[in-house]
Amino acid sequence: MAVVTGASHGLGAETARMLAAAGATVVLGARSVDQLEAIAAEITAAGGKAVAIRLDLAEPESISAFAEEILACFDHVDYLIHNAGKSLRRSIHLSYDRPKDLTATSTANYLGPIRLTLALLPSMRARHSGHIVNISTVGVLFPVVPKWGFYLSSKAAFDVWMRAVGMEARPDGVTLTTIYAGLMHTRMSAPSRWMSALPGQSPAEAATGVARALITKPRIMIPAYGYATAVLTPILRVPMEIATTAVYQRLGDTDAALRAVDGKGTSDAR
Ligand SMILES: NC(=O)c1ccc[n+]([C@@H]2O[C@H](COP(=O)([O-])OP(=O)(O)OC[C@H]3O[C@@H](n4cnc5c(N)ncnc54)[C@H](OP(=O)(O)O)[C@@H]3O)[C@@H](O)[C@H]2O)c1
């Protein structure tokens with residue numbers, strides 16, 4: 001049985017479809033229950049097994065209820081895929097009066113996945129079986145960039161926490177793959193219009209990577225360029241910071257970022 005968080009859209013939805021087509025029973029978790037139920041119904045109509053359960057990673061009670069329902073219905077979890085995520089690229093002055101920017105990113109990307117792991121890991125360790133996949137971002141291996149502070153710091157924090165816990169769980173038969181995903185053309189990346197011109201994966205292409213992680217259980221999966229940046233980033237930190245600051249000063253904020261703040265949205269404002 002596989003649990004996929006953030007299964008209402010993008011990579012999570014495609015992963016759920018792919019795993020169900022391969023014969024897994026899939027639990028889909030996210031906040032958009034209508035969307036989850038539509039995907040679960042689509043999977044069921046195609047002959048697969050899927051259950052939609054509301055999950056809000058910002059609410060500890062929702063996470064407990066999600067985990068309790070899973071363990072009550074299925075007794076155990078074979079695969080836990082931490083896919084849900086909340087991205088944010090916004091100039092910091094636009095976040096001065098928006099506590100939501102901190103809470104939405106830190107709960108979806110860091111605190112919520114920790115709470116869910118704490119709820120499900122004991123049963124996985126007790127059975128000496130299970131595989132966890134963390135969908136991280138290759139961005140945590142890049143030079144730090146302006147305007148992405150909330151997103152990158154929360155993704156990096158969970159990456160570190162999950163790796164530490166993964167090392168403790170491995171001797172008990174529970175393994176971990178961290179996927180440092182590159183650009184995917186999903187709802188998440190769409191507001192940054194320049195990203196649509198960059199090469200990236202479709203959700204279906206990226207889902208095959210998740211499926212490979214479940215089969216071969218590597219410790220990490222990373223695009224080839226990720227290794228180069230991981231090595232070069234500490235060495236070139238200062239010149240990269242200077243260059244990146246100059247680029248990002250020209251980039252401005254996305255319409256979505258501006259709309260959320262002032263209800264208008266203009267593409268050239270910073
Ligand atoms: N797109 C990229 O270029 C890219 C690159 C590297 C890594 N990633 C990572 O890949 C993963 C999937 O991203 P995606 O591109 O498929 O994004 P997406 O289409 O925006 O999907 C994100 C999913 O996370 C769920 N989610 C967000 N906040 C949640 C919360 N508080 N509680 C429960 N679920 C929540 C959303 O569902 P609801 O809104 O229904 O709750 C949605 O199903 C993320 O972890 C992201 O950080 C993406």
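Which residue has an N or O atom in its side chain 2.5 Å from an oxygen atom of the ligand? The residue is Thr 186. Such a pair is a polar contact, defined as two N or O atoms within 3.5 Å; within protein, one must be able to donate a hydrogen and the other to accept it, and residues adjacent in sequence count only if both atoms are side-chain atoms.

The model is predicted, so local features require pLDDT of at least 70 and side-chain atom pairs pLDDT 80 or more, while totals for chains, interfaces and linings use all residues. Residues are numbered from 1 along each chain as its sequence is written, and side-chain values use heavy atoms, with hydrogens and water left out.

A polar side-chain atom of Arg 187 lies 3.2 Å from an oxygen atom of the ligand, and a backbone N or O atom of Gly 85 is 3.3 Å from a ligand oxygen. The protein buries 95% of the 890 Å² that the ligand exposes when taken alone; these areas come from the Shrake-Rupley method with a 1.4 Å probe, and for residues only the protein chains shown count as cover. In total, 30 residues surround the ligand, and the closest are Arg 31, Ser 32, Asn 83, Tyr 151 and Thr 186. A residue belongs to these surroundings if one of its heavy atoms lies within 4 Å of the molecule. By class, the shell divides into 14 nonpolar, 12 polar and four charged residues. Here Ala, Val, Leu, Ile, Met, Phe, Trp, Tyr, Cys and Pro count as nonpolar, Asp, Glu, Lys and Arg as charged, and the others, Gly among them, as polar.

Elements α1 (10-21), β5 (131-137) and α5 (149-169) each supply at least two residues of the shell, and β5 gives the most, with three. Helices (H or I, at least four residues) and strands (E, at least two) are DSSP runs numbered from the N terminus.

Leaving aside residues up to four places away in sequence, Leu 28 touches residues including Val 4, Leu 36, Ile 53 and Phe 66, where contact means heavy atoms within 4.5 Å.

Thr 177 lies in strand β6 and counts as buried because its relative accessibility is 0%. Buried means under 20% relative accessible area, exposed over 50%, and partly exposed in between (1.4 Å probe, protein chains only). The side chain of Thr 177 forms a polar contact of 2.8 Å with that of His 131, and a polar atom of the Thr 177 side chain lies 2.4 Å from the backbone oxygen of Pro 218.

Two further residues complete the tour. Met 195, in the loop between β6 and α6, counts as buried because its relative accessible area is 13%. Ser 106 sits in helix α4 (residues 99-127) and is buried at 15% relative accessibility; its side chain reaches the backbone oxygen of Thr 103 at 3.5 Å.
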